[in-house]
Amino acid sequence: DVCSSDLKAASAKRPTLAIRPERVVLKAATSPPNANEFNANVAGITYHGSETIYRLEASGLAFDAAVSNRNAGGSEWNEGDIARAFFPPEALILLED
């Protein structure tokens, strides 16, 4: 795990991690989640020219994912859909509280 040494250094307090929206990877939720993956509800969709911003909710937390618009067929997900969110370990940033 890329962050394990950083997390140990955070001692007993709960660490805060951050990730940029364009680094969140979304895919279909068709199989059980792997490490750093979880299912999230698509709570909102905003189109911004060359990208779509998905507002996602999971376990009481809300976060955004920015996905490049690759085709003219519209969004891959609709509001209310369940998407699989993956946080690549190398994209996670440990914040000092």
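This report describes the fold, strand pairing, core and aromatic pairs of a predicted model.

## Basis of the model

Residues are numbered from 1 along each chain as its sequence is written, and side-chain values use heavy atoms, with hydrogens and water left out. The model is predicted: local features need pLDDT of at least 70, side-chain atom pairs count only at pLDDT 80 or more, and totals for chains, interfaces and linings use all residues.

## Overall make-up

Helices (H or I, at least four residues) and strands (E, at least two) are DSSP runs, numbered from the N terminus. The order from the N terminus is α-β-β-β-β-β-β-β.

Of the 97 residues in the protein chain, 26% are buried. Buried means under 20% relative accessible area, exposed over 50%, and partly exposed in between (1.4 Å probe, protein chains only). The protein chain exposes about 6400 Å², and carbon and sulfur atoms supply 50% of that area. Accessible areas come from the Shrake-Rupley method with a 1.4 Å probe, and for residues only the protein chains shown count as cover. Among contacts (heavy atoms within 4.5 Å) between residues at least 6 apart in sequence, 63% join residues at least 24 apart.

## Strand pairing

Two strands pair if DSSP finds at least two bridges between them. S3 and S4 are antiparallel, with seven bridges. Valine 42 has leucine 56 in S4 as its bridge partner. The two strands S3 and S4 make a hairpin with two residues between them, and glycine 49 in the turn has a positive phi of about 60°.

S4 also pairs with S5 in the antiparallel sense, over eight bridges. Here glutamate 51 is opposite serine 68 in S5. The hairpin of S4 and S5 has two residues between the strands, and serine 59 has a positive phi near 50°.

## The nonpolar core

A nonpolar core is a set of buried Ala, Val, Leu, Ile, Met, Phe, Trp, Tyr and Cys residues joined through side-chain atoms within 4.5 Å. The largest one has 15 residues, of which Val24, Leu26, Tyr54, Leu56 and Phe63 touch the most other members. At least two residues of this core come from each of strand S3 (37-48), strand S4 (51-58), strand S5 (61-68) and strand S6 (82-86).

Phenylalanine 63 is buried at 15% relative accessibility. Beyond its neighbours within four places in sequence, phenylalanine 63 is in contact with Val24, Phe38, Ala40, Tyr54, Arg55, Leu56, Ala58, Ala85 and Phe87.

## Aromatic pairs

The whole structure holds four aromatic pairs. Rings of Phe, Tyr and Trp (its six-membered ring) pair if their centres lie within 6.5 Å; planes under 30 degrees apart count as stacked, over 60 as edge-to-face and the rest as tilted. One of the pairs is edge-to-face and joins tyrosine 54 and tryptophan 77, at 5.6 Å centre to centre and 90° between the planes. Tyrosine 54 is in strand S4 and tryptophan 77 in the loop between S5 and S6, 23 residues apart, and the pair links these distant parts of the chain. Tyrosine 54 is buried at 2% relative accessibility, and tryptophan 77 is buried at 8%.

Phenylalanine 63 and phenylalanine 87 have ring centres 5.5 Å apart and planes at 85°, so this pair is edge-to-face. Phenylalanine 63 lies in strand S5 and phenylalanine 87 in the loop between S6 and strand S7 (93-95), so the pair ties together parts 24 residues apart in sequence. Phenylalanine 87 is buried, with a relative accessible area of 17%. Ring pairs also link Phe38, Phe63 and Phe87 into a cluster.
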